[in-house]
Amino acid sequence: MSWQRWIYIAPLRLRSLFRREQVERELDEELRYHLERKIEEFAAAGLSSEEARHAAMRAMDGIERHKEECRDMRKVNWLEDFWQDLKFAVRMLRRTPGFAAVVVLTLALGIGANSAIFSVIDGILLQPLPYGDSDRLVIVWENNLRRSNLYNVVSPPNFLDWQAQNQVFSGMSYISDLRGNLTGGGEPEQIVAEYVSANFFSVLGVNPLLGPGFTPENGEDGKDKVVALSYGLWKRRFGGDPGIVGKTIELNGKVLTIVGVMPQNFNFFIKQGTLSGEKPEVWSPWVLPPAYHHRKDIGRFMTVVARLQPGITKARAQTEMTAISARLAKEYPDFDGNWGATVIGLREQISGDLRPALMLLLGAVGFVLLIACANVSSLLLARAAGREREIGIRTAIGASRWRLARQLLTESLLLALIGGSAGIALAVWGTNLLLAASPSNLLDMQKVPLDWRILSFACGITMFAGLLFGFLPSYMSARGAIAETLKEGGRSASAGRHRRTIRSAFVVAQIGMALVLLAGSGLLLRSFNLLLRVDPGFDARNLLTFTVTLPSAKYGSDPAVLAFFRHLVERVSKIPGVRSATTESYPPMSGLGAATSVHILSQPAQAASELPTAAVRVVGPDYLRTMSIPLYTGREFNDRELAEMRHVALVNQSFVDKYFFGVNPLGQKLAVHMKSEEESEGKPSEIIGVVGDVRMIGLDTPAEPTVYWPHPELVYSRMTILARTSGDPMAIVSSARNELHQMDADEPMASIVTAEQLLSDSFSRSRFTTIVLGVFAGAALVLAAVGIYGVVAYTVAQRTSEIGIRVAMGAQRRDVLRLILAQGGRLIVSGVALGIAAGLLITRLMAGLLYGVSATDPLTFAGVALLLMAVALLACFVPARRAMRVDPLTALRYE
Amino acid sequence: MSKPSDLVQGTLDLLLLKILALESMNGWSVSQRLRQISGEVLQVSDGSLYPALHKLEQEGWITAEWRASENNRRAKFYALTRLGRKQLEKEAANWDRLSGAITQIIKLKEA
């Protein structure tokens, strides 16, 4: 039926659309024919030709109206009308480019910024992780109750007891990482390998892209010589060879059979628990050696991931783990006393550092959206007021309400469309910008897809606000009081006052929200500034760091390792442009380091868990000079102490302050529990000097008590080389590599980075948050200024004649200025007061992101309040000046 | 669209379809015929006839062509289409049903 209908209809529709003039002519002719017959009829009845014509016209009662009705029947006029409305809307917007630009920019900002932030947050905090049932995955840490370190790496014997005793996990897996040299088949390269329990992939619920992966057998001694490759390594080093499974690689001189290639999105990495601080590229099963079953022989170094049994909550698991830890603490007071366990969801663990910052930005961007909505509404409201007269006239001459509504709708939609497109562009650009600006050391995410749900939400809400406040008022007033509107010359007093109240409320709210954002941003800026001024305790300028790891297969003995690093340092320090060089066990500011309990022999012995704790750093020759760390008292390590074990140590000032209570530390003996108990206690180290504090974790973390040992005291085979240069540190990299390769061509140089970069990475989160919130606050400031400008400018326009009368009656320009500014001033003061009240409540939520400044810092609040008031007053001043220049004659004539 | 007040909604369509089913004619003739056959009971203003005709045309029930009228002037003549005939049958049936029902009710004896 319906297709048959279209045989008749389609040509008509097409004709109506494309032969419009002919159709119109025919309509005209048809009605004229009727009219003429009618006239003839009346003439035949004896009327004069003039009378007959009038009578006929009356009988047709309004030809034009019926024509319009006929046009409506064509069912294509909505399209024509739309086109017409669109042209009209474009013309209107072009006539007020300022208004259009502000609305479009406001919309773009509101939509774009929100979509960008939401997309990033969604990508980081909400998207499911690429593991089977990832919400059930948790990380289990040991919890050092005395150092309040909730997330401490785990000791193997504790892991084994946890695994045996818990009833809450369906699987537990351990991870420990090592740098390794990958040799054979191309350039030797240093990669990070994770040595894991054989159930690692099954606990995570991940299957390899290629190959079977690990089998339970791989967890047996002797059957563990297998390896799984990361997608990246497979592509990079093996060219994505599809037949790679079954082939072998050589890692640290050991031959391993490849049993799997992991999917591209498999990027499991808990930086906090790693020794290398870098993402692994291979995984290999590792069977805990028998010695690791005894607490005396091994410390804490593993990361533990576990899968909750169905129906078990995180809280339940935490309770169970706390109970198990308490039992272990009783059983092994020396090792496990004062140690608990922490269960944390995998997602919280991963997003940990960035989460509060992102939440803050989420809140901030919500404010920006609200301000944008208020601004758009306020602008459209002002515009609607200006058009009341036009709409009144159009209603009076017969425009149907629906027709008028459509026209207003078209205009609003056009604005929304342009604003929305600009918003989408801004969102795409903003998402990439955010990711680029986000700290790569905290967040490993190159790409986040733009979230269309969010985008449509932001578009929807701003458009809705715009429609509600721009379109509805005009529509309502057009219905209500056409006559009134026309009588009053387009200024419907009651509607105007009502609207002014709404707009004023918007402005107060906008200023209030802008103040909150500015306060938050100001606080971050102040704490960032304070952070930048913190002295790290060493000189980070012109300091190159890189890491060298010696494979045990090649450099099996301690003397060989020691000799290698001594020679390397000698060679590096002779490179032109290098002033001095040294080695250290961990790069500064990397968040890495070892810590242990220390027994000061002059103080009573206690259980290990009750002893003082200290970071232990192992260093090479010329360390203090290279790092520019001051020596407060005593002396440095001498050449002999740097060549062989002489049982000496340096401590930092914090160590002295915390543990010596006024006793002269020089000559005191320390048993540093980094070795077996007999060795530590039997051959304690003598303190030969006290050095300045260094903030090794990050600028916002105070220096820990630290013991420095010369390299022979604890022979690490992985050391970071530090070179103090006279110029750009990166300039000597190739010379340094050259020196290294002259000693051993198979030795890769890893983690090449300047200390300044490490320093800058350490406050990257603060920088990120500060910049992004700063941009938002700036946008809020501009939007609020535009908002108040709009309201005041509108009032000035409305009151032009009143001002003219005042001036005519002798008011001075000053009086006029005062009149206008007073109006704006009232709004500003109310907004600022509201903002301060709200800000004092809200900024408390960001206390964790601040450094050295209180969340209710009065100086910041006063500063941003002043700034906001100044900008807002300036925005009022522009229209106020216009009011001042009102010429009474023109103003009255205008009326 | 203004509707003739004494015509039940939709009945104008039915009348027009029926008139055009008898013979094809132009708007003027339709208005004359409408007055004639209904004995001037049904008042359809001359103006509102045309939107109704155009509506029927756009629905595909009637089709139009320009040809010479009885006084030898060009006029737009409307004729029923196949679809129009079906529509007429449907609407006539509807009308029978409706008027029958109303008649039944009106004829009820008052107690």
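Two strands are taken to pair if DSSP finds at least two bridges between them, and strands (E, at least two residues) and helices (H or I, at least four) are DSSP runs numbered from the N terminus. The model is predicted, so that local features need pLDDT of at least 70 and side-chain atom pairs count only at pLDDT 80 or more, while totals for chains, interfaces and linings use all residues. Residues are numbered from 1 along each chain as its sequence is written, chains are lettered from A in the order in which they are written, and side-chain values use heavy atoms, with hydrogens and water left out.

**Exercise 1. Determine the strand order of the open sheet in chain B, and identify its edge strands.**

Step 1: the three strands of this open sheet follow the order S1-S3-S2 in chain B, with antiparallel pairing.
Step 2: strand S1 (25-26) and strand S2 (62-68) of chain B each pair on one side only, and are the edge strands.
Step 3: S1(B) is joined to strand S3 (residues 74-80) of chain B by two bridges in the antiparallel sense, and B:Met25 has B:Tyr78 of S3(B) opposite it.

**Exercise 2. Characterise the interface of chain A and chain B by its contacts, its buried area and its salt bridges.**

Step 1: with contact defined as heavy atoms within 4.5 Å, 30 residues of chain A touch 33 residues of chain B.
Step 2: the buried area, which is the accessible area (1.4 Å probe) that two parts lose on being put together, summed over both, is about 3000 Å², and carbon and sulfur atoms give 53% of it. A:Glu30, A:Tyr33 and A:Met73 supply 24% of the area that chain A buries against chain B, more than any other three residues.
Step 3: a salt bridge requires a side-chain nitrogen of Lys or Arg within 4 Å of a carboxyl oxygen of Asp or Glu, and six are found across the interface. One salt bridge joins the side chains of B:Arg35 and A:Glu41 (3.6 Å, N to O), and a network of salt bridges links A:Glu36, A:Arg37, A:Glu40, B:Glu70 and B:Arg73.

**Exercise 3. Explain which parts of chain B are tied together by the salt bridge of B:Lys55 and B:Asp13, and state the exposure of both residues.**

Step 1: the side chains of B:Lys55 and B:Asp13 meet at 2.9 Å, N to O.
Step 2: because B:Lys55 lies in helix H3 (residues 46-59) of chain B and B:Asp13 in helix H1 (residues 11-22) of chain B, the pair ties together parts that are 42 residues apart in sequence.
Step 3: B:Lys55 is partly exposed at 27% relative accessibility, whereas B:Asp13 is buried, with a relative accessible area of 9%.

Notes: Buried < 20%, exposed > 50% of the residue type's maximum accessible area, 1.4 Å probe, protein only.
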